[in-house]
Amino acid sequence: MPIAEAQLERMLLLNSVSDFLYREADLLDERRYTEWLDMLAEDYQYSVPLRMNVAYGETDAREQTRAGREICWFDEGKATMSLRVDQLNTGLHWAEEPVSRVSHLVTNIRLDAVELPEVEVSCRFLVYRNRVADETDFLVGRRKDRLRQVGDSWQVVRRELLLDQSVLLAKNLSIFV
Amino acid sequence: MTTVEEPTGTGAPQVRNLVDVKNGEISREIFIDEQIFKNEMENLFPRAWLFVGHATQVPEPGDFFSSWMGADPVLLTRDDKGELHVLLNSCRHRGMRVCRYDEGNTMQFTCPYHAWSYSIDGSLVDTPGALHGVPQQKAAYGTNLEREKWGLVRAAKVHNYKGLVFANWDPEAPSFDEYVGDFHWWLDNLADAFDGTEGGTEVFRGVHKWRIRSNWKFVSENFLGDTYHGASTHASVEAVGIGPGGKGKRRHGERQDQGGFSKGRMKTSFRRGHGASDNLAYEIPYPEFAEADLDEYFVAAWEKRKQKLEAEGRLLGGRGPATLFPNMSFAAGFPRTILVAHPISPTETEVWRWYLVDKDAPENVRDWLRRYYMRYAGPAGMTEQDDMENWDYATEASRGVIARRYPYNYQQGLGQETPSDLDGSVHSHHAIAGEVNARAFYRRWAEFVDNLSWPELNKLAEVDDRAMERAAETTTDVADGVKVLDAVDVVDGPPAK
């Protein structure tokens with residue numbers, strides 16, 4: 001049975017998006033932060049709300065803090081991201097000296113909406129960090145990305161990340177999640 | 001020289017022997033040892049005034065916020081009459097944590113284990129938090145269960161200071177006002193709005209909570225007066241600049257034309273253990289902002305507050321960083337934030353951070369502050385990330401048998417305390433490097449941990465013997481003192497009372 005053209009296009013789109021997200025993970029884990037910044041759109045918005053323990057029935061209203069209004073782990077644009085890269089590149093950022101060993105795993109990638117030139121993508125992430133000797137963190141959760149086609153590649157326009165921890169069990173968030 | 005008689009206390013190991021403030025040497029054992037940690041839990045946290053939360057987190061009847069006092073989980077609640085209560089979050093039947101939610105609204109906490117329920121509705125129980133419902137009470141207990149004796153354990157004292165809510169388990173403890181003394185000037189700056197409106201602040205929703213592998217006292221000490229660590233620890237953020245002035249500006253965005261961070265900065269050290277490192281007679285007015293409309297708000301607020309304080313005969317100043325003994329630290333300027341170090345074990349701590357904002361701040365100011373707070377402080381903050389690295393690995397490298405034989409050095413500014421007009425305190429005119437606050441903190445800490453009685457603790461705090469010793473030597477030291485003052489360009493003097 002021949003594959004419908006629309007289906008084929010969607011598969012190719014998903015393949016292109018997945019490849020982009022895997023490449024992004026590689027750049028981060030190879031500490032090529034300056035190149036990574038080029039993958040973010042100038043109007044990039046990044047938010048990581050706090051997660052809270054609330055009663056059943058109140059989860060929609062209260063389970064996470066609201067970006068743009070309340071305290072989050074991160075709620076910032078590309079300018080602040082660039083400062084974070086600059087900080088890592090000073091060689092004096094003790095939280096990452098010696099540098100951590102980090103692996104970004106990206107999985108469960110789905111296209112939620114296709115509104116070319118932009119697409120909405122959902123995925124799961126697992127970020128593993130090990131540093132010095134036994135300092136080991138697992139940061140796991142869901143992510144929603146809005147990507148924009150730029151030439152034959154993509155840029156991240158918006159990233160909303162839900163970390164599955166209420167009390168952060170890592171001592172800091174000095175790596176890009 | 002006047003000496004204060006040293007009480008003996010009742011605690012078994014004398015931790016005061018490990019804290020040598022005369023020579024500025026403090027044993028590493030107090031950061032590592034299991035027994036000393038147990039003594040802290042027994043003798044310090046159940047007797048100290050501890051910060052529990054902010055009143056604006058529980059604005060309505062039935063609102064609750066889950067918190068910790070030392071290693072005990074507590075609930076900050078508001079009853080149907082609007083009164084605040086602090087209740088131990090543990091069922092009286094089998095100890096189950098009756099509420100595992102971080103926040104919410106309910107007039108009744110029902111334990112999931114056997115369904116004992118506790119009400120904060122005054123129309124149902126005489127005392128909010130009292131035991132209200134016991135399944136099969138008649139069959140199980142007949143008439144023997146005295147429900148009024150089995151309510152949730154209540155903090156003996158609760159004090160709402162301009163929205164900052166503190167509690168104390170010990171009915172014998174001194175009042176909050178007595179415990180805080182003249183250190184309240186710093187709490188005022190934290191809790192009042194930037195224009196001086198009393199208690200005119202609220203907290204943003206969302207408390208940063210994170211775990212570190214270090215002793216809780218590292219956190220208190222850092223905010224108490226360790227301005228010495230900034231140049232090295234925060235070198236990277238200093239180089240990059242995250243200040244209000246925009247990219248490339250210094251991290252605090254201090255107004256260099258008015259002296260910047262170090263102008264007139266000094267230490268204020270209270271005999272009761274509190275301390276601050278800032279200027280009491282001159283205040284960094286507001287940062288240099290990149291955005292003109294922000295300038296407008298902060299300039300107007302600052303002018304208004306200045307006029308208010310001058311009318312009261314007071315000077316501006318006192319924005320910290322500071323620590324209220326034992327574990328509530330804060331900064332009352334940029335950023336304006338509270339940090340509490342909850343002890344878990346000698347080498348594990350859960351850190352909580354609240355962020356304050358003027359209640360009537362316009363939207364653009366709120367949003368700017370919120371973003372600044374997040375890029376500055378908390379585990380993702382570009383400044384604070386590096387602090388945790390130091391605290392954790394200082395703790396790890398102090399664990400060893402050999403390491404423990406060698407004390408930490410607290411000798412900065414030793415013997416250079418100067419009298420203060422504030423009750424029970426001294427100053428030390430060291431803009432950056434001075435450890436007088438830490439010495440006083442650990443001295444007070446040891447008196448608590450050795451379980452001195454309240455009469456003994458109160459007696460020791462009545463007079464600041466450091467000031468007395470210095471006053472006795474004034475004739476020889478005055479010239480040196482003036483020289484130090486000149487060197488940092490300080491306008492001397494605490495806020496007039």
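Student: How many helices and strands does chain A have in this predicted model, and in what pattern do they follow along the sequence?

Tutor: Chain A of the predicted model holds 4 helices and 6 strands, and reading along the sequence gives the pattern α-α-β-α-β-α-β-β-β-β.

Student: What makes the radius of gyration of chain A agree with that of a compact globule?

Tutor: The globule rule takes 2.2 Å times the number of residues to the power 0.38; for 177 residues a compact globule would therefore have a radius of gyration near 16 Å, and the 17 Å of chain A agrees with this. Along the principal axes, the C-alpha atoms of chain A fill a box of roughly 55 × 45 × 30 Å.

Student: What share of the residues in chain A is buried?

Tutor: A residue is called buried if 20 or more other C-beta atoms lie within 10 Å of its own, and buried residues make up 29% of the 177 residues in chain A.

Student: Why is helix 9 of chain B called roughly perpendicular to helix 10 of chain B?

Tutor: The axes of helix 9 (residues 292-311) and helix 10 (residues 363-376) of chain B come within 10 Å and cross at roughly 100 degrees. Angles of 65 to 115 degrees count as roughly perpendicular, and therefore helix 9 of chain B is roughly perpendicular to helix 10 of chain B.

Student: Which residues make the contact between helix 9 and helix 10 of chain B?

Tutor: Helix 9 of chain B contributes Asp293(B), Leu294(B) and Tyr297(B), while helix 10 of chain B contributes Asn364(B), Val365(B) and Trp368(B); the residues of this contact divide into 4 nonpolar, 1 polar and 1 charged.

Conventions
Residues numbered from 1 in each chain as written. Chains lettered and ligands numbered in written order. Predicted model: local features only at pLDDT ≥ 70, side-chain atom pairs only at ≥ 80, totals over all residues. Helix = DSSP H or I, 4+ residues; strand = E, 2+ residues; numbered from the N terminus. Buried ≥ 20, exposed ≤ 12 C-beta atoms within 10 Å, placed from the backbone. Axes fitted to C-alpha atoms, helices over the stretch in contact; angles between N-to-C directions. Parallel < 35°, antiparallel > 145°, perpendicular 65-115°, else oblique. Contact = placed C-beta atoms within 7 Å. Nonpolar A, V, L, I, M, F, W, Y, C, P; charged D, E, K, R; others polar.
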